[in-house]
Amino acid sequence: MNENEVKICKFPGCKKEVHDTKSLFCLEHDRDIRDKGKKAGKAFAAVASVGLVIIAKGKLGGGKS
């Protein structure tokens, strides 16, 4: 890629330049995507921990009567 070639953000409808030569998104969308990833990771961890608690209770205290 030539140094004078400008990279454009890959986010649909965005026509801004990227902030780094290795980036795919402009700074605004890069932050937005990173924040959504952090929130999704926390939500997944919460759901997984609740699922593990339910499974553990079923194995420890449950059983067939």
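Colleague: Where do Asp30 and Arg34 lie, and how many residues apart are they?

Modeller: Both lie in helix α1, 4 residues apart, which is about one turn of the helix. Helices here are DSSP runs of H or I with at least four residues, strands are runs of E with at least two, and both are numbered from the N terminus. Keep in mind that this is a predicted model: local features need pLDDT of at least 70, side-chain atom pairs count only at pLDDT 80 or more, and totals for chains, interfaces and linings use all residues. Residues are numbered from 1 along each chain as its sequence is written, and side-chain values use heavy atoms, with hydrogens and water left out.

Colleague: Okay, and what does Asp30 form with Arg34?

Modeller: A salt bridge, with the closest N and O atoms 3.0 Å apart. The term means a side-chain nitrogen of Lys or Arg within 4 Å of a carboxyl oxygen of Asp or Glu. In general, side chains of opposite charge can pair when their charged atoms come close.

Colleague: Is Asp30 buried or exposed?

Modeller: Asp30 counts as buried, because its relative accessibility is 18%. Buried means under 20% relative accessible area, exposed means over 50%, and partly exposed is in between, using a 1.4 Å probe and protein chains only. Arg34, at 48%, is partly exposed.

Colleague: How many salt bridges does the structure hold?

Modeller: There are 3. One of them joins the side chains of Glu28 and Lys16, at 2.4 Å from N to O. That pair links distant parts of the chain: Glu28 is in helix α1 and Lys16 is in the segment before α1, 12 residues apart. Glu28 has 47% relative accessibility, so it counts as partly exposed. Lys16 is partly exposed too, with a relative accessible area of 40%.

Colleague: What about Lys36 and Asp32, how far apart are they in the salt bridge?

Modeller: Their side chains meet at 3.5 Å, N to O. Lys36 and Asp32 are separated by about one helical turn, because they are 4 residues apart in helix α1. Lys36 counts as exposed at 53%, whereas Asp32 is partly exposed at 32%.

Colleague: Switching topic: how many helices and strands does the chain have?

Modeller: The chain has 1 helix and 0 strands. Helix α1 covers residues 27–60. The chain has 65 residues, and 11% of them count as buried.

Colleague: And what is the accessible surface of the chain?

Modeller: About 5,900 Å², with 60% of that belonging to carbon and sulfur atoms. Accessible areas come from the Shrake-Rupley method with a 1.4 Å probe, and for residues only the protein chains shown count as cover.

Colleague: Let's talk cysteines. How many disulfides are there?

Modeller: The count comes to 0, where a disulfide is a pair of cysteine sulfur atoms within 2.5 Å. Cys14 is in no disulfide, and the nearest cysteine sulfur, that of Cys9, is 3.8 Å away. Cys26 is in no disulfide either, with the nearest cysteine sulfur, that of Cys14, 3.8 Å away.

Colleague: Are Cys14 and Cys26 buried or exposed?

Modeller: Cys14 counts as buried at 8% relative accessibility. Cys26 also counts as buried, at 2%.

Colleague: What is His29 in contact with, leaving aside its neighbours within four places in sequence?

Modeller: On that basis, His29 is in contact with Cys9, Phe11 and Cys14. Contact means heavy atoms within 4.5 Å. His29 sits in helix α1 and counts as buried, because its relative accessibility is 12%.

Colleague: Where does Phe25 lie, and what is it in contact with?

Modeller: Phe25 lies in the segment before α1. Leaving aside neighbours within four places in sequence, Phe25 is in contact with residues including Cys9, Phe11, Asp30 and Ile33. Phe25 is partly exposed, with a relative accessible area of 22%.

Colleague: How far apart in space are Phe25 and Lys7?

Modeller: They are 9.1 Å apart, C-alpha to C-alpha, and 18 residues apart in sequence. For Lys15 and Phe25, 10 residues apart along the chain, the C-alpha atoms are separated by 10.0 Å. Lys15 is also found in the segment before α1, and it is exposed, with a relative accessible area of 71%.

Colleague: Last one: among contacts between residues at least 6 apart in sequence, what share joins residues at least 24 apart?

Modeller: That share is 0% in this chain.
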